Amino acid sequence: MKRSLQVILLVLGTCFGFSASADDGYRLWLKYDLIKNEAQRKQYAGAIKTIVSGPASPIMQSATAELQLGLQGLLGKSVAIQPTASGSAGNIILKIDPTEKLANDEGYHLYKKGSDFVIAAKTDKGVLYGSFAFLRHIQTGQPLGELAETTSPKIQLRMLNHWDNTNGSIERGYAGASLWKWFELPENLDPRYMDYARANASIGINSTVVNNVNASARFLTPEYLPKVQALANVFRPYGIKVFMSINFAAPRILGGLGTSDPLDPKVRQWWADKTKEIYAAIPDFGGFLVKANSEGQPGPQDYGRNHADGANMLAEALAPFGGVVIWRAFVYKADPNGDRFKTAYEEFKPLDGTFKPNAMVQVKNGPIDFQPREPFSPLFGAMPKTPLAMEFQITQEYLGFSTNFVYLAPLFKECLDSDTYIKGKGSTVAKVVDGTLHRYDKTAMAGVANTGSDRNWTGHTMSQANWYAFGRLAWDHTLSSEAIAQEWTKMTLTQEPKALATITDLLLNSRENYVNFTTPLGLHHIMGESLHFGPQPWLAKSARPDWTAVYYHRAAADGIGFDRTKTGSNALAQYAPEVQAQWGDPDTCPLPYLLWFHHVAWDKKLSTGRTLWDELCHRYYEGTQSVAQMQKDWATVKPEVDPELFADVAGRLAAQRREALWWRDACVLYFQEFSKMPIPAPYQKPERTLEEIKKITATYQLR
Ligand code: BDP
């Protein structure tokens, strides 16, 4: 074994350990604990003898090191890495073969050849992903005789967006401080950086934006660039490219230019020079992510230019190096009479076809802002000539932070599987994003990261599943939420069939439960001001009208909900006629979207047989009750789950129960002031008054 490999293994071993005792969650789904079922373990161990390393490269070295580490832990025996096969049985052969029939360079092909196992791909990156898949096969207890998997990622850039700041804080981060220890970088390389890269590579994530979209220009200085370079060096052997968020005003802030006008030659030159400087340090740098003219960030509109002018200037600077600019479509205006829902479409659709080929537009899954449930953004499908990237939020900004157990795969899938009808039936959002619908030659899916410095990376143990699910769906959006839930649970918590079934159900129902006790029937944006935690449906004054709750729910004596049909803002017109037909009629609009599009009378009878008011109460009460049920169900898996992980989830569920009651009482008591209807039987009126609840919300907002 080469010395460098020994060092890697030593570091991996130290960080990830093989301890069978209490589990602090650090190892995520890459636990590699000894397989409990002895017969099964013996079978695997008997079938596997060596790892045949294939052509040398840093990425191949990561693949072999991971296989060796994983097999050692799972099988309890050391598996040698050799340059050639010894004997004709039990070799895991890593093979780079450009003629492999795979859709792209990152795919892999796993198969059995006689008594050997082959991990084949066109490139070393494919082999790396295949190696993790081979381990997953064993980790999830599948028979080696059935090894046969051919897959290629459907999306090219599978990226995390970190909203991490220079001072170590994270915008909307609920798992401690930033993973990046900026003050110690570039000299000190925390072993976590490599473990982060391993975890990402294991689920196919190949790009990371290391800093916040509300970007400090400081990241582009000679102080910070070497720090980003140091991270890029750690991530490279795991196939991960680094991107940076940039501050559009950097030429003015750092360059001493009086302007950042994208059409000013001096400004363009400044970006060209800066980009060249970045590529000198990070030759495989991915490109820039930009939030411009949004929530106070600088941008091209400050100079009377449009988003494409800004994006194209940066695209031009990046083009010689093969970099991409990813321009965010998250924009909205503070217009009390407008509809925030419509802004991104209105600003971006007219620009379709004006972006340079190496520019992409990144669109949040829904039209407002990562609510527990949103209809898909009408921009998807509407820009056939501009590659649109998907932006999901993995961090739980509007989903109860890290005290709430909310599995997000169903939310991601709901959006991806939505039909835009833009080119007829079957024009799903997924097909827009993976480029098949409009033949985009660039494709990307981003997830706002939920990682932090907490020992278990994500705060809530179950939130690890969201990082995992994001990566798996970015690779293959056709995977089901259930399959991903099972896979993750088997690798992370337990394989015992009953507990596995219970945990899978808990995962699958958790998001709907959350929607029910916070924003049922299409309510949205009624959470606590600025913190975005807890209920505050009464919020009527804020710095901007579209930051209040009343702007969105519009509760009044005549009913509740935002009329977005022709009689209201007509945002619905931004969708294809088939979608308008589905959602446009309050009598047939699916209940999950009802109050997104309609202002509905309190006493209107719904398809459930209940009036709107009764249904709303029903959902708030049942949603809250479902958390109590989650607690009970979780208690049953105690014997099968590591005690430390079990206790972590149990404790957080208890907090979630308290928070659900807070939501329920706040919302039913507040909306009752308008409906003037009683809480329906069998539910009991909350014991607290609305004034008491308002005080709780107010305390949360104290600094
Ligand atoms: C909102 C967040 C804010 C982000 C913004 C964005 O509240 O902190 O900066 O989105 O995505 O959800 O730019």
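**Entry 1. The largest pocket**

I began with the largest pocket, which 30 residues line, and I noted that Asp33, Leu34, Lys36, Leu493 and Thr494 lie nearest its centre. The model is a predicted one, in which local features need pLDDT of at least 70 and side-chain atom pairs count only at pLDDT 80 or more, while totals for chains, interfaces and linings use all residues. Residues are numbered from 1 along each chain as its sequence is written, and side-chain values use heavy atoms, with hydrogens and water left out.

The elements that each give two or more residues to this lining are α4 (124–139), α14 (481–492) and α20 (643–675). I record that α14 gives the largest share, three residues. Helices here are DSSP runs of H or I with at least four residues, strands are runs of E with at least two, and both are numbered from the N terminus.

The volume of the largest pocket is about 700 Å³. On a 1 Å grid over the protein atoms alone, a pocket is an open set of points with protein on both sides within 12 Å along at least five of seven lines, a cavity is a set where a 1.4 Å probe fits but cannot get out, and lining residues have an atom within 4 Å of a point. Grid points are joined across faces, edges and corners, and the volume is the space filled by probe spheres set on the points.

By class, I found 12 nonpolar, nine polar and nine charged residues in the lining of the largest pocket. Ala, Val, Leu, Ile, Met, Phe, Trp, Tyr, Cys and Pro count as nonpolar, Asp, Glu, Lys and Arg as charged, and the others, Gly among them, as polar.

The largest pocket lies between domain 1 and domain 3, because both give residues to its lining.

The second largest pocket has a volume of about 410 Å³. Of its 25 lining residues, Arg172, Glu295, Tyr332, His532 and Trp547 are the closest to its centre. The lining of this second pocket holds eight nonpolar, seven polar and 10 charged residues. Domain 2 and domain 3 both contribute to the lining, so the second largest pocket lies between them.

For that pair of domains, I noted that 26 residues of domain 2 are in contact (heavy atoms within 4.5 Å) with 28 residues of domain 3.

**Entry 2. The open sheet**

Six strands form an open sheet in the order β2-β1-β3-β5-β4-β6, with mixed pairing; two strands pair if DSSP finds at least two bridges between them.

I followed strand β1 (residues 50–52), which pairs in the parallel sense with strand β3 (residues 89–96) over three bridges. Within β1, Thr50 stands opposite Asn91 in β3. Helix α3 (residues 58–75) lies across β1, β2, β3 and β5 (115–121) and runs at about 155° to β3. Axes are lines fitted to C-alpha atoms, for helices over the stretch in contact, and angles run from 0 to 180 degrees between N-to-C directions.

**Entry 3. The closed barrel**

A closed barrel of eight strands runs β7-β8-β9-β10-β11-β12-β13-β14, with parallel pairing. Its twist averages 25° from one strand to the next. Strands β12 (residues 359–364) and β13 (residues 388–393) run parallel and are joined by four bridges, and Gln362 has Ala389 in β13 as its bridge partner. Helix α9 (residues 307–318) lies across β9 (241–246), β10 (287–290), β11 (324–328) and β12, at about 160° to β11.

**Entry 4. Cavities**

A search of the whole structure gave me eight cavities of 30 Å³ or more. About 100 Å³ of space lies in the largest cavity. Its lining includes Phe330, Tyr332, Arg340, Lys364 and Ser377.

**Entry 5. Backbone details**

I found a cis peptide bond from Leu185 to Pro186, with omega near 5°; Pro186 lies in the loop between β7 (157–161) and α5 (191–202). Arg172 is placed in the loop between β7 and α5, and its phi is near 65°, a positive value in a residue other than glycine. A cis bond also joins Ala681 and Pro682, with omega of about 10°.

Notes. Domains from an automatic or database assignment.
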